[in-house]
Amino acid sequence: TLYGFSKEASGRTGKLESALQAAERAVQAGASRTSTLERQVLRLEEHVELQEQREAAANRQIEHLVEQRNSQELSLINRGMELVRSELQESEDKQVQLRSRIAVLRQEATDSREHDARVEAELKQQLAAAHAQARAAQEAGALQADLASRAARVADQAEARLGVLRKRHDERAQEHKSQAGQQARLGQVAGGSGGPSAGGGVGRIPDSDKDDEAARKAAAILKKRAEAWVPQGTNLPNLTDPPFNLQRAINILRQGELFSKAERRAGAASRQRFFFRVPDPTLTRHFLQYFASEEDAEAQGSFSLLDLVGANWNGNALALLLPQASDQTQRGLVNLPAEFFQALLIVTQEYEFRRKHPD
């Protein structure tokens, strides 16, 4: 039993040795594992530290980039704010200008309405005068008859003067004939030598014939001019005895004057000042031309000789109501200087006479 016990104890001792060896091996393995783990921990710590350094560098770079971008964005925002402030200031200035312009336009609209009202009233007055003058058309016919009678009286005076000149011519011819007979008798008494003296003037045409022809032509021209055109209107100068001659009238029209052209179209009235002149009265299609100013060489428009011939002349208001245009526009010339008004009448009559009698 002791052997068995010893053998069993020996077996147990062997098992314990085996267990101890296993434990030693386990301890050695644990120590080795611990060393490995320590190395891994160190590596991990180094990796973590490196990662932290990298993250810190990345964070610093990111912070730098963020700061740089924020600075740029702040600069852009500041510039944008400055631009907005500038645009806001411009907008406020424009608002002030627009308010001022609106005030001016309102004033202009008020002035324009007042001006249109004045022009409309003037045109209505001119239309009323035109209607009155239309009713006085018979008086114009009577005036034409009066002018014709005056021309007839002038012609009768010319004929009477012509009769006197013819009588003088006959008397002078009889006297020349008597003198020629006396000279012939004296020549016969002197033995037939000589003849009518060179200075006797038997073959000379007396100057009275030329006077007769000139008188006839003057009478015919006066009659034609009086019948060529009788202006329609009121308080007009007597064109058979004009206030100044034709050349002075042409010079006045070539020099020009500043006055207004009035129009009424579709109920709206307007008036505009131009510089009017007659550069060349032979240009009947562009007879009276108007310019923006005295210095301008290009005309803004013109009125023909026939426009003036068909116009209604108002000597009291120094105005013309022109024939209605093709677009139903009523046209007129107002506030003409008196001398220009009279010169325009004189030259219009003369060149209407020349147009009807080009010979």
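Mentor: We will set values against definitions, one label at a time.
Mentor: This is a predicted model, where local features need pLDDT of at least 70, side-chain atom pairs count only at pLDDT 80 or more, and totals for chains, interfaces and linings use all residues. Residues are numbered from 1 along each chain as its sequence is written, and side-chain values use heavy atoms, with hydrogens and water left out.

Trainee: How many helices and strands are there in the protein chain?
Mentor: The chain has 6 helices and 8 strands. Both are DSSP runs numbered from the N terminus: helices are H or I with at least four residues, strands are E with at least two. From the N terminus on, the order is α-α-α-β-α-β-β-β-β-α-β-β-β-α.

Trainee: Why is Ala249 called buried?
Mentor: Buried means under 20% relative accessible area, exposed over 50%, and partly exposed in between, using a 1.4 Å probe and protein chains only. Ala249 has 0%, so it is buried. Ala249 is found in helix H4.

Trainee: What does Ala249 touch?
Mentor: Leaving out residues up to four places away in sequence, Ala249 touches Phe244, Ala343, Ile346 and Val347. Contact means heavy atoms within 4.5 Å.

Trainee: Why does Ser304 count as buried?
Mentor: Ser304 has a relative accessible area of 17%, so it is buried, the limit being under 20%. Ser304 lies in the loop between strand S5 (301–303) and H5.

Trainee: What makes Asn235 exposed?
Mentor: Its relative accessible area is 53%, and exposed means over 50%, so Asn235 qualifies. Asn235 lies in the loop between strand S1 (232–234) and H4. Asn235 also has a positive phi of about 55°, although it is not a glycine.

Trainee: What makes a set of residues a nonpolar core?
Mentor: The members are buried Ala, Val, Leu, Ile, Met, Phe, Trp, Tyr and Cys residues, joined through side-chain atoms within 4.5 Å. The largest one here has 32 residues, and Leu288 and Leu344 have the most contacts inside it. H6 gives the largest share of this core, 8 residues.

Trainee: Which residues does Leu344 contact?
Mentor: Leaving aside neighbours within four places in sequence, Leu344 is in contact with Leu253, Val278, Phe287, Leu288, Leu308, Trp313 and Leu336.

Trainee: At what angle do H4 and H6 pack?
Mentor: The angle is about 115°, with the axes 8 Å apart. Axes are lines fitted to C-alpha atoms, for helices over the stretch in contact, and angles run from 0 to 180 degrees between N-to-C directions.

Trainee: Why is Arg331 buried?
Mentor: Arg331 is at 15% relative accessibility, so it counts as buried. Arg331 lies in strand S8 (residues 330–334).

Trainee: Which backbone oxygen lies 2.9 Å from a polar atom of the side chain of Arg331?
Mentor: That oxygen belongs to Pro323. Pro323 is also among the residues that Arg331 touches, including Phe303 and Asp307.

Key. Polar contact = N/O pair within 3.5 Å; in protein donor to acceptor, adjacent residues only side chain to side chain.
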